[in-house]
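Colleague: I'd like to go through the labels on this one with you. Can you show me the model and take my questions one by one?

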Amino acid sequence: MRIPGTGNLYRVGRRIRKRFGPKVLILLYHRVAGLKLDPQLLAVTPEHFAEHLEILSRYSHPMSLQRLMAALRNGCLPRRAVVVTFDDGYADNLSCAKPLLERYDIPATAFVTTGYIGSKREFWWDELERLILEPGRLPEMLCLNINGSVRQWALGEASHYSEASYRQHLRWNVEQKHDPCPRQHLYRSLCPLLGPLSEAERRSVLDELLAWTGAELMNRPTHRTLTPNEVIRLADGNLVEIGSHTVTHPVLSRMPTATQRTEIRQSKARLEEILGREVSIFAYPYGTHADYTEETAGIVREAGFMSACSNFPGLVQNGVNPYELPRYLVRNWSGEQFAHRLREWLRN
Ligand SMILES: [Zn+2]
């Protein structure tokens, strides 16, 4: 059924859209790696990343975040511009992503969590994955004291997790609605409990968990973060700019003002100490509207950052708040799937 007048409305809408002028798309990646298990869907394989870059170089105008900020200040955003960003500071940003960025001459920004630079421990979500989703035997009952409240889980038959079960559930991730066995259920229930904790509280829970599993503390080569020297090498050549992603990757909105200030200021100072140059861009950990507040954005601005990236979808256009830049999260899509998404996003 056609509502009278909608055709005309559509044409007017198109003209309005054109008048809105150019918009910029910021892409959010985390890792470029081929992982066996990726329950948070953070990794894009090198093959797929190369396909994404091929498409970007053909059909868009890749630019750096610094250039985007300059264009925003001058009120002259280029058409179909795309900015590539990485969050967290995994070592594969240097070993896998940078060579591909160089091959296509596409600039990028890497937001680094400074407390994890050269860390002997993995990010908490990776540690959790290693302890719970790897094959082997675990005690049947888990009892944890999380922030003053005691929680219990029963693994039942899944206390023994065979190689065969592990292989069967390799593609499981938190976006799936169903948990195939209690191991996945435990992993999923611990994530929202650990995420909002302070670093000290989280460490204490992870240490308790580590003792419960009887596993050794380790930093897998596949999950390690950048070392100070690797941060320098990543920034070397000026194709990749470095931004801050706090010290310990907290949910800033859940932290007292003083902690937020320390996290934001110290991460900037640490990166500037390593790089010997100013660091003026920031990305909020987790980055949705619930993960930071107006106060957080104010602290970021006062600390001397020129802009901050969030993690909610949208295009950047003139008049955007530079301390709340929207980004589109990229998954491990094939080139074709990526091109399809890109077309959709740029059409908005
Ligand atoms: Zn992050």
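Modeller: Helices (H or I, at least four residues) and strands (E, at least two) are DSSP runs, numbered from the N terminus. This is a predicted model, with local features needing pLDDT of at least 70, side-chain atom pairs counting only at pLDDT 80 or more, and totals for chains, interfaces and linings using all residues. Residues are numbered from 1 along each chain as its sequence is written, and side-chain values use heavy atoms, with hydrogens and water left out.

Colleague: What makes helix 10 oblique to helix 11?

Modeller: Helix 10 (residues 257–275) and helix 11 (residues 294–302) pack at about 40°, their axes being 10 Å apart. Under 35 degrees counts as roughly parallel, over 145 as roughly antiparallel, 65 to 115 as roughly perpendicular, and the rest as oblique. So helix 10 is oblique to helix 11.

Colleague: Which residues of helix 10 and helix 11 meet there?

Modeller: From helix 10 you get Thr257, Gln260, Arg261, Ile264 and Arg265, and from helix 11 Glu295, Thr296, Ile299, Val300 and Glu302; contact means heavy atoms within 4.5 Å. They divide into three nonpolar, three polar and four charged. Here Ala, Val, Leu, Ile, Met, Phe, Trp, Tyr, Cys and Pro count as nonpolar, Asp, Glu, Lys and Arg as charged, and the others, Gly among them, as polar.

Colleague: Why is helix 9 called roughly perpendicular to helix 10?

Modeller: Helix 9 (residues 228–235) packs against helix 10 at an angle of about 75°, with the axes 9 Å apart. That angle is what makes helix 9 roughly perpendicular to helix 10. Pro228, Val231, Ile232 and Ala235 of helix 9 make the contact with Arg270, Leu271, Ile274 and Leu275 of helix 10. By class, that contact has seven nonpolar, no polar and one charged residues.

Colleague: On to the metal. Which residues are the protein donors of the zinc ion?

Modeller: Asp88 (OD), His245 (NE2) and His249 (NE2), lying 2.0 to 2.2 Å from the zinc ion. Donors are N, O and S atoms within 2.8 Å of the metal (3.2 Å for Na, K and Ca), and water is not among the atoms, so sites may look incomplete. Along the chain the donors follow the spacing D-x156-H-x3-H. Asp88 sits in strand 5 (residues 81–88) and His249 in the loop between strand 11 (240–244) and helix 10, so the pair ties together parts 161 residues apart in sequence.

Colleague: How do you know whether Thr45 is buried or exposed?

Modeller: Buried means under 20% relative accessible area, exposed over 50%, and partly exposed in between (1.4 Å probe, protein chains only). Thr45 has 17% relative accessibility, so Thr45 counts as buried. Asp88 and His249 are both buried too.

Colleague: And what does Arg301 count as?

Modeller: Arg301, found in helix 11, counts as partly exposed because its relative accessibility is 49%.

Notes: Axes are lines fitted to C-alpha atoms, for helices over the stretch in contact, and angles run from 0 to 180 degrees between N-to-C directions.
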